[in-house]
Amino acid sequence: MRLLFEARPQPSQLAVWLGPVCATLATLVIGFIVFEAFGKNPITAFNAFFVQPVSTRYGVAELLLKATPLMMIATGLAIGYRANVWNIGAEGQLTLGALAGGGLALFVGDADWPAAILLPAMFITGAVAGMAWAGIPAWLRTRFNANEILTSLMLVYVATLLLSWLVHGPWRDPEGYNFPQSKLFTDNALLPNLVPDTRLNVGFLLALVIVALAWLFVRRHIVGFEMRVAGLAPAAANYAGISARRNIWLGMLAGGACAGLAGVGEAAGPIGQLLPSMSPGYGFAAIIVAFVGRLHPLGIALASMLMSLLYLGGESAQMNLALPSAVTGLFQGSLLFLLLAADVFVNYRLRILRATPAAA
Amino acid sequence: MLPPASSDASPPASAPRLELRGITKRYPGVLANDRIDLDVLPSEIHAVLGENGAGKSTLMKVIYGIVKPDAGTIRWEGEQIHIANPAQARKRGIGMVFQHFSLFDTLTVAENIRLAVNDVEPKLLPARITEVSERYGLALDPARHVHTMSVGERQRVEIVRCLLQEPRVLIMDEPTSVLTPQAVLRLFETLRTLAAEGCSILYISHKLDEIRSLCDRATVLRAGRVTGQCDPRRESSASLAKMMIGGELPHPRHREARAGPSALVVDALDVRADDPFGTTLRAISLDVHAGEIVGIAGVSGNGQKELLAALSGERTIRRAEAIRLCGTAAGRLGAFARRALGLAFVPEERLGRGAVPEMSLADNALLTTRTEDLVAHGFIRAHGVRARAAKIIATYGVKATGPEAAARSLSGGNLQKFIVGREIGQQPKVLIAAQPTWGVDVGASAQIRQALIDLRDNGVAVLVISEELDELMEICDRLAVIAQGRLSAPKSVHETTAEEIGMLMAGARPAAGQHSAPVLV
């Protein structure tokens, strides 16, 4: 007897969308085993991990708040990923966006700009800074054919150190008891709340707009189509005359702009100042979100909620169950791993071969 | 090299050496072999004839142990056997020469052969190679590197590699598709010598003339089934084709060309090869007029790939005047800009180049087309795209479930019809087609050729690059030959012969330096 993977001629649309659902369910099963191994009652643990965090209005608002940067970044990354442009450095582009947008807030904060002008200016500055940071790997790739996976990832650490230097040095709050942090932003540099008594702000609406625009671009615009072609069949793109350089630039800049916007959203939203670290790894988690969401804007919107729930659940599990924070990473990792496994079954059929009569 | 049939326990010569009964192999969505019976006698050259996709290659892979059949039995000299892998097949005495060679370019002939032949002392191997190659008229230098060899010479390496294992059944899969007419004749002599010594030869082809001149018996396959057995020497090409396709072979209608002004002019085009095993183009000049079909013949690997990339704009040329499209210097223009000037291009590779395998036919219709009804202000008009795809499907009789079918779900011939239809649908002034009917079944081939001729009659300049000399002779008005990156002056097909073209295909290739390789390969 032999096991054989046979390529399916055309994978069913249903299976393509059921894949992530199955992967999510399997992640829950693994969670069950992990909780069991930690000696926790799985029902209580699941309750603490997945239900309690969203059982209140505040909890739901937190869910959407954390989903906001994930949604923005993953949507931007997916545009590049569809064209085989692998921007892994969104975390750095987010940092640069927060640094630039936050820097603007710090410098003009006292000048009493109205929020209606300052906030858009911060977002634009942040997006441009994110694009500039993503532009470096794009240029290296188009000019020297340097692998953008490596260069964009390496620039993450440069960005983090740059921000760290600023908040330890020139931008440190003189009245901050020597903590490495900037001054608090003034009110006109903070995003208005969406729901009273929660931290959810208008950044979430911006994320929804980005998702809608991305959908329009990918599904309806000819350039989005051309980038998909380039991702699926580079030789066909070359044959059709689609510029590979343009795709690399567009893919990198889209990811950089969205990550930059997300950075501003964090700085001007829940954080309200510049800190040495502006994100608990949103830029990396967004890579998982992009794939769980099938690189499709609507899928990404849903996947970002799921990933956000894992963040909240991880915090809740630390507080209520005394589980290590690594549980969050474990869930994220198993989700991505199982999703990739599910994809194999979407594209291939497992056949069990028994000895054939000819083999007698 | 074979023991006489009577010297061992094998049955008398008239009994089959190899018997297949009820061989069945199913792939997802297709029954590749459906209860196939086949007998191979000692000393015979047995043709397996069929269109692409008829199941010939699958059947041969079953015999050679690459593919496991779902059902059926194999007998070898009366004894039921099970062939688990090619090594076992070789041990039994079954050898196979593949259509696509499996040689390492950077190794010598002897090194390549040593990788596959284990039972000859490595020190003795060069002598054995020389011995076998001389005996069968397959001149080979064991010390030569494979990358310096022509395709015909590479095939000899494959054949000699098989012969060293003293096969009793030799499978040749479409062996002549890469050879010049002269090299084909030499190959046939070798095969006849082998057969006379007692080796059975299974000869896979869809070229009817070859089979009629070479083979003793033919088994015809159609859609995975045996549809006939005959003596090909007593059949006409028409009757064989009828068995093969289950109907009459359509003949293209051909009028005298009425050539107009130059539409595509190539002037002293030089292109340096960008990979070490590519071909550098030297001073290529060509002139294709509106309303004529110009063909470029040649054995693959002589610069066709490079020339096509330069003509299509996939590779741009620094000197803009080297390529003129409808009067405009186009060398520096990319593929999109050249399309805007009226160029359409049907590439050799369908999946992955001419079409995106995962995408629907509708999306693939959009691949090279940007007309108003498909794209407005940068946004795709889904309705128009579907309508365009549906129109191509209907006009060219593409067998597909509809505009939503993924390109990869189509057979090679149907996808090619779709691509040809898409390119013609752009109403080009110049159409370039590479291997337009390669791997396409006879019916679809005839349809595609007719479409090219119709295009010519409507005043389009058509350039066809093909390895199928018969096809070029049939549809072209003028014919040039590419060899080693140089193009011969085009001649009217009425003023040339297949033999002359064949000489050009081979003759322009000089013998390689210190080696005593013959000029004709």
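A residue is buried if 20 or more other C-beta atoms lie within 10 Å of its own, exposed if 12 or fewer, and partly exposed in between. T496(B) has 16 C-beta neighbours inside 10 Å, so it counts as partly exposed. The model in which this residue sits is predicted. T496(B) belongs to the loop between β23 (491-492) and α16 (498-507) of chain B. Leaving aside residues up to four places away in sequence, T496(B) touches L479(B), K491(B) and I501(B). T108(B) is 388 residues away from T496(B) in sequence. In space, the C-alpha atoms of T496(B) and T108(B) are 38 Å apart.

Two further loop residues of chain B were examined. G55(B) is found in the loop between β3 (45-49) and α1 (56-63) of chain B. With 25 C-beta neighbours inside 10 Å, G55(B) counts as buried, because the cut-off for burial is 20 or more. Its contacts, not counting residues up to four places away in sequence, are A32(B), N33(B), G50(B), L221(B) and G224(B). G55(B) and Q182(B) are separated by 127 residues in sequence and by 29 Å from C-alpha to C-alpha. S43(B) lies in the loop between β2 (30-40) and β3 of chain B. Phi of S43(B) is near 70 degrees, a positive value, and S43(B) is a residue other than glycine. S43(B) has 17 C-beta neighbours inside 10 Å and therefore counts as partly exposed.

Chain B as a whole has 16 helices and 23 strands. For its 521 residues, a compact globule would have a radius of gyration near 24 Å. Chain B has 24 Å, which agrees. Its C-alpha atoms fill a box of roughly 80 × 55 × 40 Å along the principal axes. Of the 521 residues in chain B, 47% are buried. Among contacts in chain B with a separation of 6 or more, 67% are between residues 24 or more positions apart.

Chain A has 13 helices and 2 strands. A compact globule of 360 residues would have a radius of gyration near 21 Å. The value for chain A is 22 Å, which agrees. The box filled by the C-alpha atoms of chain A, taken along the principal axes, is roughly 85 × 60 × 30 Å. Buried residues account for 50% of the 360 residues of chain A. Of the contacts in chain A between residues at least 6 apart in sequence, 79% join residues at least 24 apart.

In one pair, helix α3 (residues 57-82) of chain A packs with helix α7 (residues 203-220) of chain A at an angle of about 20 degrees. The axes of α3(A) and α7(A) are 9 Å apart. The angle makes α3(A) roughly parallel to α7(A). The crossing of α3(A) past α7(A) is left-handed. On the α3(A) side, the contact is made by L64(A), T68(A), M71(A), M72(A), T75(A), I79(A) and R82(A). On the α7(A) side, G203(A), F204(A), A207(A), I210(A), V211(A), A214(A), F217(A) and V218(A) take part. By class, the residues of this contact of α3(A) with α7(A) are 11 nonpolar, 3 polar and 1 charged.

In the other pair, helix α5 (residues 115-144) of chain A and helix α6 (residues 148-168) of chain A pack at an angle of about 150 degrees. Their axes lie 9 Å apart. α5(A) and α6(A) are therefore roughly antiparallel to each other. α5(A) passes α6(A) in a right-handed crossing. From α5(A), W133(A), A134(A), I136(A), P137(A), A138(A), L140(A) and R141(A) meet residues of α6(A). Their partners in α6(A) are E148(A), T151(A), S152(A), L155(A) and A159(A). The contact of α5(A) with α6(A) divides into 8 nonpolar, 2 polar and 2 charged residues.

R294(A) lies in the loop between α11 (282-292) and α12 (297-321) of chain A. R294(A) has a positive phi of about 60 degrees although it is not a glycine. With 19 C-beta neighbours inside 10 Å, R294(A) counts as partly exposed.

The two chains touch each other: 23 residues of chain A are in contact with 35 residues of chain B. On the chain A side, the elements giving two or more residues are α8 (222-232) and α9 (234-240) of chain A. The side of chain A that touches chain B has 15 nonpolar, 5 polar and 3 charged residues.

How values were computed. Residues numbered from 1 in each chain as written. Chains lettered and ligands numbered in written order. Predicted model: local features only at pLDDT ≥ 70, side-chain atom pairs only at ≥ 80, totals over all residues. Helix = DSSP H or I, 4+ residues; strand = E, 2+ residues; numbered from the N terminus. Rg over C-alpha atoms; globule rule 2.2 N^0.38 Å. Contact = placed C-beta atoms within 7 Å. Axes fitted to C-alpha atoms, helices over the stretch in contact; angles between N-to-C directions. Parallel < 35°, antiparallel > 145°, perpendicular 65-115°, else oblique. Left-handed = near helix turned anticlockwise from the far one by under 90°. Nonpolar A, V, L, I, M, F, W, Y, C, P; charged D, E, K, R; others polar.
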